[in-house]
Amino acid sequence: MVAPVITGYYRYTDIFFEWHQALPEADRSPLKATLAQDALVHPDHPLHKEGVEGAELYLGTLQNFETRLLFSSAQVEYLRYWLHATGLTKNLISLPYSDCLLTESSLRHVTAVTFKAKEELKNVLKQIEKNNKRLKGADPMLNTRREIFERVRTFWVHKVGIWCALDFEAWDRDHTMLTEFGWSFVRWIDGKPVEEQGHLIVKEYRNYTNTFVQNNREHFSFGESEVVNRATFKARIQNLFADLQKGGPLFMVFHDNNQDIKYLKSPAVNVDMPNLSFLLPEATPDDGIFVIDTSDLFAALEGEGGHNRRSLERVCRHLQVPTSYLHNAGNDAHYTLLAMKEMASGDPLDMQREKRWPNRTGNTAYPCAPQTGAGVKVRFEPWEEDSDYSDMEGFGPIIDKTKEGDEIQAETPA
């Protein structure tokens, strides 16, 4: 009986620091030279992948939520055979001891990462160590958000299904009166993205004016608005969702989903959403309807473990996504999709955060102080938080508001 082949991943530190020590003296130097950081990123390295600039390794999240840089077991196997085939080692060197191997059950998530230069690799290794210390005792909600973030990145890279951002606007004196609906979606045909966006205005409520929220229903920036009666409004949304569900898994993208999902289920819309799930599966799905919330994704990115949620305007500003005429349902849907794409198409979470906001996490006030448990919350400057900061300085807390005008967070400029 042939023993099953077990595959998985090895910690970079185990391979780099420990593997050669278990080998005969003559085999140590060739292995160490092959694993040298400047050698790994060289285009002539045996692990170099066609079409990839630099070294491709893996970033894995352990079950305890700590992160590790990894080699795949396939890479380790190939190095053994390459060293022997080129005559650099007399015999086929032994594998690292089996306890080093991390199988699928040991990991929550794995993603490929690329390093173009030795310095990049060294910096990421340092950052991983710092982040693992800072995340000791992290809020469970933050760990959950971090896991969701990486799953969204994985699904997005696979280019499957339809990703549809949507938004409703209601009269701010009676939220049962839906005044607008906007959508923006992307699907892939033969590997190429195909996008569509739209904006509906309810004819019966067109002249209703908001008191607390901006009135921008006439300022759709990505096409022509359609003015329809309430019956057509309902039918158009129902037909849109029926069509969207025909293209494999449907990822419904919201910014703070609670109110919009209530609107979808309300008598004014009454969309049929069988098997709607707020939980993302571990593997890329073939079907189903899944909720993705950009307020949660950004909370993961900035290291927020509490219940504070950034407004769409603030999320877009921090991600450097320009906006105009927010509180138009079509525009809000479009910017929500852009914000999601900006995060999902970027690097793994911690690498992405560090590239966007270098050295802004942990105990930034006292860099030499212990970092264990200091968290990974980004420290934004007051002028980054609000475009009107210079006009408001000294006037007390800045109140952030949701698209519906409800207070969700208060922050005082430092």
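**Notes on the predicted model**

1. Let's start with a loop residue. N275 is exposed, with a relative accessible area of 70%. This is a predicted model, so take the numbers here as computed from its coordinates. N275 sits in the loop between α8 and β11 (276-277). Its backbone deserves a look too: N275 has a positive phi of about 60 degrees, although it is not a glycine.

2. H327 is the other loop residue I'd flag. Phi of H327 is near 70 degrees, again a positive value in a residue other than glycine. H327 lies in the loop between α10 (312-318) and α11. Is H327 buried or exposed? At 15% relative accessibility, H327 falls under the 20% cut-off and so counts as buried. N275, by contrast, is over the 50% needed to count as exposed.

3. Next, helix α7 (residues 230-244).

4. Which residues of α7 are buried? They are F233, I237, L240, F241 and L244. Looking down the axis of α7, you find these buried residues within an arc of 95 degrees, so they line one face of the helix.

5. On to a helix pair. The axes of α9 (residues 294-302) and α11 (residues 329-344) come within 10 Å and cross at roughly 35 degrees. The crossing of α9 and α11 is left-handed. On the α9 side, the contact is made by T294, L297, F298 and L301, and on the α11 side by T336, M340 and M343. Sorted by class, this contact of α9 with α11 has 5 nonpolar residues, 2 polar ones and no charged ones.

6. Finally, the chain as a whole. It has 14 helices and 14 strands. Of its 414 residues, 48% are buried. Taking contacts between residues at least 6 apart in sequence, 68% join residues at least 24 apart.

Definitions and conventions. Residues are numbered from 1 along each chain as its sequence is written. This is a predicted model: local features need pLDDT of at least 70, side-chain atom pairs count only at pLDDT 80 or more; totals for chains, interfaces and linings use all residues. Side-chain values use heavy atoms; hydrogens and water are left out. Axes are lines fitted to C-alpha atoms, for helices over the stretch in contact, and angles run from 0 to 180 degrees between N-to-C directions. Helices (H or I, at least four residues) and strands (E, at least two) are DSSP runs, numbered from the N terminus. A crossing is left-handed if the near helix is turned anticlockwise from the far one by less than a right angle, and right-handed if clockwise. Contact means heavy atoms within 4.5 Å. Ala, Val, Leu, Ile, Met, Phe, Trp, Tyr, Cys and Pro count as nonpolar, Asp, Glu, Lys and Arg as charged, and the others, Gly among them, as polar. Buried means under 20% relative accessible area, exposed over 50%, partly exposed in between (1.4 Å probe, protein chains only). The arc is that of the directions from the helix axis to the C-beta atoms.
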